[in-house]
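Thanks, everyone. I'll keep this brief, so please have the viewer open and follow along.

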Amino acid sequence: VPKGQISSLPTTSGGKPFQLWALGLFCTERNLAKRLKSNCFYPFTQLQPNVFVLEYYLDTLWKGTLLFAVCLLLISFGLVSQVQKQETWGFPAFGMGVGLWLTISSLPRRRLVLNHTLGMYHFSIQGRTVCQGPMHLVYVRLALSSDAYGRCFFQLVLSGHKLEPLVLVQLSERYEQMEYLGRHIARKLNINYFDCLATSYRHVVRHWPQGATFSPYIMPRKTGAKDKPSFQSDQDV
C-alpha cells in the first residue's frame with residue numbers, strides 16, 4: 001500500500017481507551033455479549049461507513065503503576081528491609097524498576113484503524129505508524145488451551161500481522177458461545193474469523209491474499225454438520 005494513503009485515514013478519536021481494562025478484569029463471554037448489545041462493533045467504534053477505529057492503552061499501564069506503588073510503600077516503611085538479619089530491600093527496589101518500566105512503556109496510546117474503503121488496516125502507537133497492510137492480515141481467532149486434566153479452554157483474541165493480541169474473552173469452556181461471539185464480531189467488522197483448529201470448515205474467510213484462490217486449511221463444510229469438533233488432535237493454540 002502506498003505510504004501516501006496513510007494521510008487519508010481518519011484521525012478522529014473514537015471509543016474509550018480504557019474499555020478493554022474492564023473487560024480484562026471480568027473477561028467472560030457474558031460481559032462481552034453485554035458490550036456488543038450497546039455497541040455492535042465492539043471493541044471498535046464506527047467513524048463512518050466501512051471505517052472502524054480502536055484506541056486503547058495496554059493494561060500493563062495500571063499493573064506497572066500498582067507494582068511501583070506497592071514496592072515504594074514497602075521500601076518507605078521498611079517492611080521488608082531485613083529478613084532473618086539479611087538485607088532484602090533489593091527485591092522491592094527491583095520491583096519498583098520493573099513497575100516503572102511497565103508504566104512508561106505502556107503510556108503511548110495505541111490506535112488501530114480498519115478502513116474497508118481503502119482495503120487496509122493501519123496500526124500506530126502515539127501517532128507513529130507501526131504497520132499497515134491488507135485486510136486479510138487482521139482476524140478474530142478462537143484460541144485453544146488445556147489443563148493437566150485434559151479440559152479444554154477457549155480464548156477469543158483479536159490479532160493480526162504485527163498487532164498486539166487483544167484478548168476479548170479469557171478461558172471459557174463454552175465453545176458454542178465463544179464461536180458465536182467470534183463470528184458475530186468478525187461479521188460486524190468484516191474481517192476474517194479462524195477456528196481453534198488449524199484445518200477446519202468453521203473458518204470464515206472474507207479477505208484473501210491477492211492472487212490466492214485456495215487454502216489447504218479451509219475444509220468444505222459438511223451439509224447439516226452441527227457437531228462440536230474434536231480437539232484431541234491438530235490443535236493450533
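Start with the contacts. Take pairs in the protein chain at least 6 residues apart in sequence: 55% of those contacts join residues at least 24 apart. Keep in mind that this is a predicted model.

Now the overall inventory. The protein chain has five helices and eleven strands. There are 237 residues, and 39% of them are buried. The accessible surface of the chain is about 13,800 Å². Carbon and sulfur atoms account for 58% of that area.

Next, the core. How many residues does the largest nonpolar core have? It has 37. The residues with the most contacts inside it are Leu-32, Leu-114, Leu-156 and Ile-191. Several elements each supply at least two core residues: helices α2 and α5, plus strands β2, β5, β6, β8, β9 and β10. Helix α5 gives the largest share, with six residues.

Pick out Leu-114 on your screens. Set aside residues up to four places away in sequence. Leu-114 then touches Phe-44, Asn-50, Val-51 and Phe-52, among others. Its list also includes Met-120, Tyr-121, Met-135 and Val-138. Leu-189 and Ile-191 are on it too.

Move to Leu-158. This residue sits in strand β9, residues 152-160. Is Leu-158 buried or exposed? Its relative accessibility is 3%, so Leu-158 counts as buried. Again, leave out neighbours within four places in sequence. The contacts of Leu-158 include Pro-43, Phe-44 and Leu-54. They also include Tyr-139, Val-140 and Ile-191. Glu-164, Pro-165, Leu-166 and Leu-168 are among them as well. One distance for the record: Leu-158 and Leu-142 are 16 residues apart in sequence, and their C-alpha atoms are 9.0 Å apart.

Now helix α4, residues 90-106.

Which residues of α4 are buried? They are Pro-92, Gly-95, Met-96, Gly-99, Thr-103 and Ser-106. These residues cover an arc of only 110° around the axis, which puts them on the same side of α4. Turn to the other side of α4, and you find Phe-94, Trp-101 and Ile-104 exposed. So what covers the buried residues of α4? The cover includes α3, residues 60-76, and β5, residues 110-115.

Stay with α3 for a moment. Leu-72 is located in that helix. Leu-72 has 36% relative accessibility, so it counts as partly exposed. Leu-72 and Met-96 are 24 residues apart along the chain. Their C-alpha atoms are separated by 6.6 Å.

Last topic: aromatics. The structure holds three aromatic pairs. I'll show one, Phe-41 with Phe-52. The ring centres are 5.0 Å apart and the planes meet at 40°, so this pair is tilted. The two residues are eleven apart, and the pair links distant parts of the chain. Phe-41 lies in the loop between α2 and β1, while Phe-52 belongs to strand β2, residues 51-56. Both Phe-41 and Phe-52 are buried. Phe-52 is also one of the residues that Leu-114 touches.

That's the tour. I'll take questions now.

Notes:
Residues are numbered from 1 along each chain as its sequence is written. This is a predicted model: local features need pLDDT of at least 70, side-chain atom pairs count only at pLDDT 80 or more; totals for chains, interfaces and linings use all residues. Side-chain values use heavy atoms; hydrogens and water are left out. Buried means under 20% relative accessible area, exposed over 50%, partly exposed in between (1.4 Å probe, protein chains only). Helices (H or I, at least four residues) and strands (E, at least two) are DSSP runs, numbered from the N terminus. The arc is that of the directions from the helix axis to the C-beta atoms. Contact means heavy atoms within 4.5 Å. Accessible areas come from the Shrake-Rupley method with a 1.4 Å probe; for residues, only the protein chains shown count as cover. Rings of Phe, Tyr and Trp (its six-membered ring) pair if their centres lie within 6.5 Å; planes under 30 degrees apart count as stacked, over 60 as edge-to-face and the rest as tilted. A nonpolar core is a set of buried Ala, Val, Leu, Ile, Met, Phe, Trp, Tyr and Cys residues joined through side-chain atoms within 4.5 Å.
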